[in-house]
Amino acid sequence: MNFSIKLLLLFLAVFGFIFFMKSHSESSFDCGMAYSDGKPLGNEQCVKIDGSPVVVQTAEKYYVMRDAAKKDGVNLSINSGFRTYEEQEYFYNCYLTKSCNNGNFAMPPGYSNHENGIALDINYHGPNYAWLSTNATEFGFVRTVESEKWHWEYRPGSKCNEFVNYTCN
Ligand SMILES: [Zn+2]
């Protein structure tokens with residue numbers, strides 16, 4: 001092998017390695033401490049969907065639903081997925097002061113299901129909401145907040161009842 005071919009092979013190996021590391025690191029990342037009922041659960045691994053971090057296990061379920069919706073000509077997208085304690089603190093403060101995030105309802109930091117990774121805020125405009133209402137349960141996603149058509153949680157086999165104040169057992 002002459003020198004220039006060796007150099008080319010070296011270049012390809014280095015480039016390939018960098019490309020592999022880059023695509024690998026983008027597939028999942030540490031998105032911070034998860035919380036439930038005010039208690040830390042440990043750090044979660046997330047992927048990015050539509051710019052929002054989503055816990056890997058929830059993302060895998062969401063992809064199945066998103067693909068099914070797409071086959072019906074419905075394009076689901078996400079506005080919010082996993083949130084850190086600090087992010088939830090911000091939204092909770094918005095809710096208390098009504099000065100940001102439209103003053104939307106938010107649980108106190110540590111208590112939102114966005115912090116344990118099962119909650120997704122899904123774009124509900126156009127045909128999306130009707131599709132979700134009919135099909136989401138089949139994929140394990142249920143609506144749990146009466147005033148928020150966008151808020152869905154992955155609770156497979158849950159007995160969430162939209163007619164009884166969106167309570168879940
Ligand atoms: Zn939400």
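Which residue stands opposite Ile49 in β3? Keep that in mind while you get your bearings; the model in your viewer is a predicted one.

**Whole protein first**

Colour by secondary structure. Walking from the N terminus, the elements go α-β-β-β-α-β-α-β-α-β-β. The protein has 169 residues, and 25% of them count as buried. Looking at contacts with a separation of 6 or more, 52% come from residues 24 or more positions apart.

**Stop one: the hairpin**

Select β2 (39–49) and β3 (52–55). These two strands are antiparallel and are joined by four bridges. Now for the opening question: Ile49 faces Ser52 in β3. Two residues separate the strands of this hairpin, and Asp50, in the turn, has a positive phi of about 50°.

**Stop two: the four-stranded sheet**

Next, show β4, β5, β6 and β7. Together they make an open sheet in the order β4-β5-β7-β6, with antiparallel pairing. Check the edges: β4 (78–80) and β6 each have a single partner strand, so one side of each has no neighbour in the sheet. From one strand to the next, the twist averages 45°.

Zoom in on β5 and β7, an antiparallel pair joined by three bridges. Select Asp121 and you'll find His151 of β7 opposite. As background, strands of a sheet pair through backbone hydrogen bonds, either parallel or antiparallel.

**Stop three: the nonpolar core**

Hide the cartoon for a moment and show side chains for Val54, Leu120, Ile122, Ala136, Phe141 and Trp152. They have the most contacts inside the largest nonpolar core, which has 24 residues. Bring the cartoon back to see where the core comes from: the elements giving two or more residues to it are β2, β3, α2 (56–71), β5 (119–122), β6 (141–143) and β7 (151–154). Which element gives the most? That's α2, with four residues. In soluble globular proteins, nonpolar side chains tend to be buried together.

**Last stop: Leu120**

Centre the view on Leu120. Which residues does Leu120 touch, leaving out those up to four places away in sequence? Select Val54, Thr58, Tyr62, Ile78, Gly81 and Trp152 to see them.

Definitions and conventions
Residues numbered from 1 in each chain as written. Predicted model: local features only at pLDDT ≥ 70, side-chain atom pairs only at ≥ 80, totals over all residues. Core = buried A, V, L, I, M, F, W, Y, C linked by C-beta atoms within 7 Å. Buried ≥ 20, exposed ≤ 12 C-beta atoms within 10 Å, placed from the backbone. Contact = placed C-beta atoms within 7 Å. Pairing = 2+ DSSP bridges. Axes fitted to C-alpha atoms, helices over the stretch in contact; angles between N-to-C directions.
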